[in-house]
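Let's take a walk through this structure together. Have the sequence and the 3D view side by side as you read.

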Amino acid sequence: MIIEPAIDLKNQQCVRLKKGDFDTVHQVAADPVATARAFAQAGAAWIHMVDLDGARSGQRVNAPIVADVARSAGLRIELGGGLRTMADLEAADRSGVERMCIGSAAVSDPDFVRQAVEVYGPRIAVGIDALDGTVRVSGWEKDSGLDCLEFAKQMEQLGVETLIFTDISTDGMLSGPSLDWLSRLQRAVSCRIVASG
C-alpha cells in the first residue's frame, strides 16, 4: 500500500472541507510548498493535490502552486480538479505532474477520457466522487445520476487503469475510509484503486 498525503487548494491556500461543502472551507496550513516538502521529509513519495477552484469552476488558478511543488518538493504529484481538456492535461504535464485525474469531464465527455488514455496511458486516472452510490460532479455540487460502480466499469472499458474513489459522506470527517464502498468497487473492476478522503 502507498500512502499519499493530500493538499487541497482553494484561493492558493491549503484547506479542508467537510463532506465537500464549500461553506465549511478552512485553512489547515500556511504554505503549500512548505507543506509538501514536510510530507517529503516525512517519507512520502507521492502527493495527491486537488485544485478545488478548478474542480468547481474549471478555472485552474492554483496551477502555479502545483508547478512550484513539482519543482521543489521532490514528490510525484497526482493532480485533480479542473482537468477538462487536452490542453489542461498538456499544461499539467509540462508543470511536472505525474498522474492526472479526470473527474467531472469523465462524466460529461467519455471520449475525452479515451483520447487522454491514448496519449498518456497509465498516467491518466479517473476520479469517482460518490454520495450514496451516485457520482457527483462540478466540485461535488451536482448529482450526475450515474451509479458509481457502473461508471467505474465504463471507465475501465475505456482503458483507465487507476480510479481515485471518494465517498463524499466521509470526506474531511477524519473518520477513516469508506471500506464498504471500496470493497464493492474492488469487486466491480480490476483497476488500481486510490482510496481518497
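The paragraphs below look at a helix and its neighbours, then a pair of packed helices, and then the cysteines.

Please keep in mind that this is a predicted model. After helix 3 comes G74, and its phi is positive, near 70°.

Next, turn to helix 4 (residues 86-94) and helix 6 (residues 110-120). Two packed helices are described by the angle between their axes and the distance between those axes. Here helix 4 and helix 6 pack at an angle of about 35°, and their axes are 10 Å apart. Their crossing is right-handed. On the helix 4 side, M86, L89, E90 and D93 make the contact, while helix 6 contributes F112, Q115, A116, V119 and Y120. By type, the residues of this contact are 6 nonpolar, 1 polar and 2 charged.

Finally, the cysteines. How many disulfides does a search of the whole structure find? The search finds 0. C14 is in no disulfide, and the nearest cysteine sulfur, in C101, lies 19 Å away. C14 is also buried, at a relative accessible area of 3%. As for C101, the closest cysteine sulfur is that of C191, and because the two sulfurs are 12 Å apart, they are too far for a bond. C101 is buried too, with 7% relative accessibility.

Conventions. Residues numbered from 1 in each chain as written. Predicted model: local features only at pLDDT ≥ 70, side-chain atom pairs only at ≥ 80, totals over all residues. Heavy atoms only, no water. Helix = DSSP H or I, 4+ residues; strand = E, 2+ residues; numbered from the N terminus. Disulfide = S-S within 2.5 Å. Buried < 20%, exposed > 50% of the residue type's maximum accessible area, 1.4 Å probe, protein only. Axes fitted to C-alpha atoms, helices over the stretch in contact; angles between N-to-C directions. Left-handed = near helix turned anticlockwise from the far one by under 90°. Contact = heavy atoms within 4.5 Å. Nonpolar A, V, L, I, M, F, W, Y, C, P; charged D, E, K, R; others polar.
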